[in-house]
Structure formats: structure tokens, C-alpha cells
Amino acid sequence: MVNFRLHRLAGILIGFWLFNLSLTGFFLNHEKNNFDMGFMWSITLPSDIFNDYAISHHGHREITGYKIHPEKDWKALASMRGLFIDRGYGFKRVYTGRVFQIEPARDRDFRENFDTLYLATDRGVIKIDWEGRYSVAGLYGKVITSISVYGDRIVAVDMKKDVYMLKDGKWEYIELPSEADIPPDVRFGRFVRDFHYGRGLFVNPASMLINDFASLWWLWLSVSGYIIYLMYKKLKKKKITGIQIRRLVKLHGNIISIILIPILFLLALTGLFIDHPRFFRPFISFSIPTAVMPPVYHEPQKDIWEVDYDGKYIRIGTRHGLYRVEDSRLVLESPGFAYRVIRVEDRLYISGMGSPSRFYSDGRWQKIKGHVHMPVDFIKTDKGVEPVNRRKLDFRPDTLPLYTFFVTLHDGSFFHRYFIYMNDLSVILTFVLLYTGTIRYLKRRGILR
């Protein structure tokens with residue numbers, strides 16, 4: 001009886017917030033390129049409905065690239081809502097559709113021609129000028145997540161897995177070697193984030209589908225839990241029979257719920273770590289042997305975040321770092337998550353995710369001075385090459401995508417900055433629900449008395 005009351009109380013208190021986390025988490029799992037959820041970026045809402053804190057923390061997340069024309073001081077901003085151009089009169093959208101990266105044309109001596117830009121988009125590789133005139137350069141219909149331009153050659157990555165090269169006017173599929181240098185260990189903090197974001201177990205879409213199913217099951221548990229509570233109240237008034245409610249209870253707490261407990265538990269726990277990174281950093285900074293990590297950590301050739309081509313070697317940026325593609329294996333050149341790999345003239349820059357941002361010069365990799373968290377691009381200025389902090393870009397649209405609405409609901413910032421503590425409460429009560437729910441299931445099956 002105590003377990004029943006505790007389970008019911010925890011569900012009543014937090015069920016509505018678990019519903020919110022599950023629903024928004026389901027959509028956020030598909031943030032960039034997994035399955036076709038482009039509507040999260042094409043549907044927009046007025047910026048006025050968001051508070052300043054939510055906008056400052058999440059209003060910039062659609063930005064994926066930024067370039068400045070060195071001769072005319074024009075600006076090009078790539079985003080998940082298209083390409084925006086500023087020719088001195090403010091940003092105007094000249095191309096619609098998701099843009100994952102922007103690259104200038106480049107000759108074989110690495111001299112850049114900013115009059116022509118290439119875009120990695122969800123409609124293939126796009127060639128465009130500053131007036132918005134564009135054409136498809138190839139791979140139409142594929143979701144191109146990264147590109148590199150070298151002379152008349154372009155290397156492109158489809159859905160973070162398949163590599164293609166434009167050579168002699170034809171696109172060729174590049175078979176990557178199956179052998180790769182795998183680091184001996186992985187930071188636990190890396191796994192925490194990967195797992196919560198649906199990329200921590202198997203090569204996608206497998207990991208994504210596991211998180212999706214867990215999210216949808218949480219939705220079912222939240223809704224059915226409230227229905228059961230209301231049915232119990234009707235049962236007391238004899239408006240329904242006990243048989244009706246017992247059927248729903250069996251659907252609410254069944255073997256699927258028990259099987260999913262590890263996934264549900266880890267989603268809640270990793271969410272807590274992510275919400276408070278500074279507090280939990282000492283607890284997740286240790287390393288785990290890669291040998292015991294899930295399969296996705298052993299297949300960097302199927303987890304390509306960025307690509308570079310210098311005329312001789314193709315390089316791919318992965319969660320392990322930057323790899324050079326050779327005939328027989330992938331050679332790890334720079335360890336640490338390569339979130340962005342950007343070439344400025346003949347120098348290669350890496351934007352780190354949970355690792356330092358760095359560049360290659362004088363035969364070695366050097367850390368970039370100062371701190372810009374996950375710079376989205378690198379640009380040449382009067383001060384040299386600088387990382388682009390997308391939060392500080394002068395881009396303040398009147399509308400924000402539906403994605404921003406989902407992400408601010410998910411962490412509570414849509415309501416208030418301190419609503420993040422609702423997530424903390426939900427984690428605690430989730431543990432209570434999982435424990436008491438398991439006990440109730442085992443007693444109902446006669447395994448416990």
C-alpha cells in the first residue's frame with residue numbers, strides 16, 4: 001500500500017512535466033539531420049513570446065556558419081532556416097532550406113574566392129552568389145551535412161556517413177577504410193552527452209530510434225498514469241468496474257516498462273548532469289576504456305561531423321578527433337571531438353566540443369587563445385583568424401523556429417530561468433516512479449510478496 005501511494009503521489013506531482021520532457025525530447029532528438037523533421041525550422045514563432053534569458057541561451061542555435069566578404073565587408077550567415085545575406089542593409093534571407101555549412105570557392109593554391117559560395121544543405125550541394133542566385137552543384141535530394149572545396153573538386157558528406165567527391169565533373173562515392181586508430185579511452189562526460197542526445201550506443205538511426213521509443217513510452221506512462229488516477233476516483237463512486245481499470249493498469253505497467261528501465265533511468269540521470277555541467281564536472285571527468293564502450297565509439301568512419309580536403313588527403317572530424325583518410329586505415333591526427341573543421345586559406349582550424357579549439361601550424365597543433373565555446377566558424381579579420389561566437393553575432397530575427405520553442409520548454413527557460421529545477425525534481429521523482437513501479441509489477445506477477 002505504501003508503494004502504491006508513493007507511486008501515485010510522485011506521478012501526480014511530476015507526470016505533467018515528464019510529459020513535456022518526453023514530447024520535446026522526442027523532437028529535439030532530431031535536432032539537425034536525423035530523419036526529416038525540417039518543420040521544426042520552417043515553422044516560426046514571434047520572438048516576443050520568449051524571455052530574454054531563453055533568447056540569450058537558445059536564440060542563436062539555428063546558426064551553422066558565418067562568412068565575411070573580405071573586399072566588400074558583406075556578411076553571409078548560414079542557418080537551419082536558410083542563408084541570410086547582409087550587403088550593408090541588414091540580413092535578408094536569400095535561400096530557404098536547412099544549411100549545415102557554408103564554404104567559399106577555393107583554388108588549388110588555397111586562395112579563396114568569396115564571390116562564389118557553396119552550401120551543404122538538405123537538398124544537396126548548392127552554389128550561390130551574394131544576390132541569391134543559386135544552382136544545384138550536385139547530390140540533389142541528399143542531406144549534405146559537411147563540405148570541403150578545393151579547386152574544381154568538392155568533397156561532401158551525406159547524413160554524417162557517406163562521403164562523395166566531385167572529380168572531373170562527376171560525383172564519386174568514396175569508400176572509407178574499415179580500420180581506424182581508436183583512442184584507448186573516452187571521457188565519461190562525452191558518453192553522458194552522446195547518450196542523452198541519441199547518439200551514444202549504435203550508429204544512427206539505431207541509437208535515435210531507441211531514444212525515440214523511450215520518449216514515446218514515457219508519454220504513454222504519463223498519460224495513462226493520470227487516466228488511471230481519474231479512473232480510481234470514478235471507481236470509488238462506482239461509476240466504472242474494477243475490470244476496466246485493471247486492464248489499463250496492465251497496459252501501464254508491463255514488461256516493456258521493465259525492459260526500458262535502464263534507458264529511462266539513464267536519460268533522467270544524464271539530463272541532470274547536462275543541466276548542471278559545472279557542478280557535476282568533477283564526477284564525470286574520468287575516462288572509460290574504449291574497449292568497453294558501445295559500438296558507435298568503434299566506428300568513426302560512420303560518425304562524420306566534418307570533412308576537409310587539401311588536394312591529397314581527405315580528413316574527417318569525428319567525436320574521437322580529426323582523422324586523415326589513407327588507403328588502408330584512418331589515422332588519428334588530432335584527438336578531441338572535431339565539431340567543426342574549417343579551412344582558412346592553407347591553415348586548418350578545429351572547433352572542439354568538450355575539447356580545445358585548435359589549429360595546425362608549423363608542423364603541430366596549437367590551441368586557440370581565449371575561449372569561445374564551440375565556435376561555429378572561423379573568419380579572417382584585421383586581427384588575424386578569429387573563432388566565430390554565434391551568440392555575439394548581430395543577428396536578431398523577429399521570429400524564432402519551432403525548435404527554439406521545444407528546447408526552451410525542455411529546459412524550462414521558456415517560463416523562467418529557474419524552471420530548470422523542475423527538471424531536477426523530475427529526476428528524483430522519476431527514480432521513485434521506476435522503483436515503486438517495478439515493485440508493484442513484481443508483486444502483481446507474484447514474484448514478490
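Colleague: How do the axes of H8 and H11 sit relative to each other?
Modeller: In this predicted model, the axes of helix H8 (residues 261–275) and helix H11 (residues 420–444) come within 10 Å and cross at roughly 160°. The two helices are therefore roughly antiparallel to each other.

Colleague: And is that crossing left-handed or right-handed?
Modeller: The crossing of H8 and H11 is left-handed.

Colleague: Which residues meet there?
Modeller: From H8, Ile 261, Leu 264, Phe 265, Ala 268, Leu 269, Leu 272 and Asp 275. On the H11 side they meet Ile 420, Asn 423, Asp 424, Val 427, Thr 430, Phe 431, Leu 434 and Thr 438. By class, the contact of H8 with H11 has ten nonpolar, three polar and two charged residues.

Colleague: What about H4 against H8, what angle and distance?
Modeller: H4 and H8 pack at about 120°, and their axes are 9 Å apart. The crossing of H4 with H8 is left-handed.

Colleague: Which side chains are involved in that one?
Modeller: H4 brings Phe 188, Val 192, Arg 193, Phe 195 and His 196. H8 brings Ile 263, Leu 266, Leu 267, Thr 270, Gly 271, Phe 273 and Ile 274. The contact of H4 with H8 divides into eight nonpolar residues, three polar and one charged.

Colleague: Staying with H4, is Arg 190 buried or exposed?
Modeller: Arg 190, which is found in helix H4, counts as buried because its relative accessibility is 10%, and the cut-off for buried is under 20%.

Colleague: What is Arg 190 in contact with?
Modeller: Leaving aside neighbours within four places in sequence, Arg 190 is in contact with Arg 199, Tyr 297, Phe 337 and Met 353.

Colleague: Where is the cis peptide bond?
Modeller: The bond from Asn 204 to Pro 205 is cis, with omega near 20°. Pro 205 is in the loop between helix H4 (188–196) and helix H5 (206–236).

Colleague: Switching to strands. What is the order of the open sheet that has E2 in it?
Modeller: Four strands form that open sheet, in the order E2-E3-E4-E5, with antiparallel pairing. E2 and strand E5 (91–95) stand at the edges with a single partner strand each, so one side of each has no neighbour in the sheet. From one strand to the next, the twist averages 25°.

Colleague: How many bridges between E4 and E5?
Modeller: Strand E4 (residues 82–86) and E5 pair over four bridges, in the antiparallel sense.

Colleague: Where does Trp 74 lie?
Modeller: Trp 74 lies in the loop between strand E2 (63–68) and strand E3 (75–79). Apart from neighbours within four places in sequence, Trp 74 is in contact with Lys 67, Ile 68, His 69, Asp 86, Arg 87 and Trp 130.

Colleague: How far apart are Trp 74 and Gly 225?
Modeller: C-alpha to C-alpha, Trp 74 and Gly 225 are 56 Å apart, with 151 residues separating them in sequence.

Colleague: Now E10. How many of its residues are buried?
Modeller: Seven of the seven residues of strand E10 (residues 144–150) are buried, so E10 is largely enclosed by the rest of the structure.

Colleague: What joins E10 to E11?
Modeller: Six bridges join E10 to strand E11 (residues 153–158), and the two run antiparallel. Ile 147 stands opposite Ala 156 in E11. E10 and E11 form a hairpin with two residues between them, and Gly 151 in the turn has a positive phi of about 60°.

Colleague: Which residues other than glycine have a positive phi?
Modeller: Phe 110 is one of them, with phi near 70°. Phe 110 sits in the loop between strand E6 (99–106) and strand E7 (112–121), and with a relative accessible area of 17% it is buried. Lys 160 is another, with phi near 65°. The place of Lys 160 is the loop between E11 and strand E12 (162–167).

Colleague: Last one: is H10 mostly covered or mostly uncovered?
Modeller: Helix H10 (residues 402–411) is mostly covered, with nine of its ten residues buried. Among the buried ones are Tyr 403, Phe 406, His 410 and Asp 411. Just after H10, Gly 412 takes a positive phi of about 85°.

Note on methods. Residues numbered from 1 in each chain as written. Predicted model: local features only at pLDDT ≥ 70, side-chain atom pairs only at ≥ 80, totals over all residues. Heavy atoms only, no water. Axes fitted to C-alpha atoms, helices over the stretch in contact; angles between N-to-C directions. Parallel < 35°, antiparallel > 145°, perpendicular 65-115°, else oblique. Left-handed = near helix turned anticlockwise from the far one by under 90°. Contact = heavy atoms within 4.5 Å. Nonpolar A, V, L, I, M, F, W, Y, C, P; charged D, E, K, R; others polar. Buried < 20%, exposed > 50% of the residue type's maximum accessible area, 1.4 Å probe, protein only. Pairing = 2+ DSSP bridges.
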